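Please go through the briefing below with the sequence and the structure side by side. The points are grouped by topic, and each term is given its cut-offs where it comes in.

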Amino acid sequence: MTLFCKQCNERRLPIVFAKDKPSLWLCEKCENFADGEDVIIREITKDEKDNINKKLEDFKNITELTGEKIHRRKGVN
Ligand SMILES: [Zn+2]
């Protein structure tokens, strides 16, 4: 199953490169992509890694910003 990496059993993340193409599944630990058939296509390039990290950072920032308001009231840090 593509959702989990067959090499390390970590969860893979679906990465969409183009709307009209099926997403590739990234294992952050092995740093490679598999297709929907769980066939490893290639390794992640540095540019892609930076790009994905940036997206993840943005996502985390948004989550933290929205989460902060909720948590602050409860006094949870
Ligand atoms: Zn892996």
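β2 and β3 run antiparallel and are joined by three bridges, where two strands count as paired if DSSP finds at least two bridges between them. This is a predicted model, in which local features need pLDDT of at least 70, side-chain atom pairs count only at pLDDT 80 or more, and totals for chains, interfaces and linings use all residues. Residues are numbered from 1 along each chain as its sequence is written. Helices (H or I, at least four residues) and strands (E, at least two) are DSSP runs numbered from the N terminus, and the protein chain comes to one helix and four strands, following the pattern β-β-β-β-α along the sequence.

**The β2-β3 hairpin**

- Across the pairing of these strands, Trp25 stands opposite Ala34 in β3.
- β2 and β3 form a hairpin with four residues between them, and Glu31 in the turn has a positive phi of about 55 degrees, although Glu31 is not a glycine.

- Four strands form an open sheet in the order β1-β2-β3-β4, with antiparallel pairing.
- β1 and β4 stand at the edges, each with a single partner strand, so one side of each is left without a neighbour in the sheet.
- The twist averages 35 degrees from one strand to the next, with axes taken as lines fitted to C-alpha atoms (for helices over the stretch in contact) and angles running from 0 to 180 degrees between N-to-C directions.
- Strand β1 (residues 13-15) pairs with β2 in the antiparallel sense over three bridges, and the bridge partner of Leu13 in β2 is Leu26.
- β3 also pairs in the antiparallel sense with strand β4 (residues 40-43), over three bridges, and Phe33 has Arg42 in β4 as its bridge partner.
- β3 and β4 form a hairpin with five residues between them, and Asp38 in the turn has a positive phi of about 70 degrees.

**Core and burial**

- The largest nonpolar core has seven residues, namely Cys5, Leu24, Trp25, Leu26, Cys27, Phe33 and Ala34; a nonpolar core is a set of buried Ala, Val, Leu, Ile, Met, Phe, Trp, Tyr and Cys residues joined through C-beta atoms within 7 Å.
- The elements that give two or more residues to this core are β2 (24-27) and β3 (32-34), and β2 gives the most, with four residues.
- Leu24 and Leu26 point one way from β2, whereas Trp25 and Cys27 point the other way, and all are buried.
- Of the 77 residues of the protein chain, 10% count as buried.

**Contacts**

- Leaving out residues up to four places away in sequence, Cys27 touches Cys5, Cys8, Glu10, Arg12 and Asn32, a contact being two residues whose C-beta atoms, placed from the backbone, lie within 7 Å.
- Among contacts in the protein chain with a separation of 6 or more, 14% are accounted for by residues 24 or more positions apart.

**The segment before β1**

- Asn9, whose place is in the segment before β1, has a positive phi of about 65 degrees although it is not a glycine.
- Asn9 counts as exposed because it has 9 C-beta neighbours inside 10 Å.

Conventions: Buried ≥ 20, exposed ≤ 12 C-beta atoms within 10 Å, placed from the backbone.
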